[in-house]
Amino acid sequence: MDTIMDIAKQHHLMVIEDAAQGIMSTYKGRALGTIGDYGCYSFHETKNYSMGEGGTLLIRDDAHIELAEIIREKGTNRSKFFRGEVDKYTWVNPGSSYLPSELNAAYLWAQLENAEEILNDRMKSWNLYYQELKDLEPVELPVIPEGCVHNAHMFYIKVKDLETRTELIDFLRKNDIYSVFHYVPLHSSTAGKKHGMFYGEDRYTTKESNRLLRLPMYFGLKNSDILYIVEKIKEFYK
Ligand SMILES: Cc1ncc(COP(=O)(O)O)c(C=O)c1O
C-alpha cells in the first residue's frame, strides 16, 4: 500500500482500496480500508462479518460523503430530507438502489457489536490449524508479512501441485470435510482472456493458484473439528 499510495500521489490519482476481506486487519498499524482515499469492505455471506450481501464504503474526505449518499439513494437527496436538511427530496444525480434493508443492517450490526469476539474466535481456530500443521512436510502454511496483522479470514495450505490438491479435496470430502480451492487467476478466466492480458512470464500465479487449498473456517468452529481435519490431512500424507 505504501508503494501504491506513493505512485498515486506522484500522479495525482485517487486510490480506491479494495479491502473486501480486510476488516479488522492492519498494515503498519493502520486499519485496512483506511489507507486509500476510499476503502471498501464486503459483508457478503463468505466474509467475517456478514449481512448476506452488502458492503460499506469508507470515505476519507467529508466533501465526498454527500455525493455517495445520493448515489446510493437512487440519485436522490433523500438522506438529507430525513435529516431535515431539505423540505422535500428529489433527483439530483445519477445513482442506483444500493441501500441495504434495515433488516439486513440489523443482522450485521449485532456482529459488529461483537466484532472482537468474532475475531478472537476465528484467530483461535487459525492458530490451532497453524500449530497442528506447521511440522507437516511437504505442506506449506500461510506467511504473514512483517507489519501486517491479519483477521483470520481464511486458513489455507499449499500442497505440491494440482494433482495432489484434487486428490486431497476428494479424500477430505470422503471424510465429510469440505475444503475448497481459491483463487482462479483472472487472466485465465473467460472475461480475463477477452479483456486483459498477462504481463511478463507467469512463473507463480497459475502455479500457486493450483496448489492452494482452503480449510473450513467460520465462527464457532470447534477445536475438536479442527483436530479431526488435521488428523485426516496427516492420514492422507501417510
Ligand atoms: C478482494 C475482493 N474484492 C471484492 C469482492 C466482492 O465483494 P462483494 O461480493 O461484497 O461485492 C470480494 C469478495 O469475495 C473480494 O474478495
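1. The chain is assigned three domains: domain 1 (1–54 + 103–113), domain 2 (63–99) and domain 3 (115–237); these bounds come from an automatic or database domain assignment. Between the C-alpha centres of domain 2 and domain 3 the distance is 42 Å.

2. The model is predicted: local features need pLDDT of at least 70, side-chain atom pairs count only at pLDDT 80 or more, and totals for chains, interfaces and linings use all residues. Residues are numbered from 1 along each chain as its sequence is written.

3. Around the ligand stand Asp18, Ala20, Gln21, Ser42, His44 and Gly55, a residue being near a molecule if its C-beta atom, placed from the backbone, lies within 6 Å of it. This shell comprises one nonpolar, four polar and one charged residue. In this classification Ala, Val, Leu, Ile, Met, Phe, Trp, Tyr, Cys and Pro count as nonpolar, Asp, Glu, Lys and Arg as charged, and the others, Gly among them, as polar.

4. Helix α5 (residues 115–133) and helix α9 (residues 223–237) have axes that come within 10 Å and cross at roughly 30°. α5 is therefore roughly parallel to α9, the term covering angles under 35 degrees. Axes are lines fitted to C-alpha atoms, for helices over the stretch in contact, with angles running from 0 to 180 degrees between N-to-C directions. Helices (H or I, at least four residues) and strands (E, at least two) are DSSP runs, numbered from the N terminus.

5. The α5/α9 contact involves Ser125, Leu128, Tyr129, Glu132 and Leu133 of α5, together with Asn223, Ile226, Leu227 and Val230 of α9. Two residues are in contact if their C-beta atoms, placed from the backbone, lie within 7 Å. By class, the contact residues are six nonpolar, two polar and one charged.

6. One joins Glu137 and Pro138, with omega about 0°; Pro138 lies in the loop between α5 and β6 (148–149). Another joins His182 and Tyr183, with omega about -15°, and Tyr183 belongs to the loop between β8 (180–181) and α7 (190–195).

7. His12, a residue other than glycine, has a positive phi near 55°. His12 sits in the loop between α1 (2–10) and β1 (16–18). Most residues other than glycine have a negative phi, and most peptide bonds are trans.

Methods: Angles under 35 degrees count as roughly parallel, over 145 as roughly antiparallel, 65 to 115 as roughly perpendicular and the rest as oblique.
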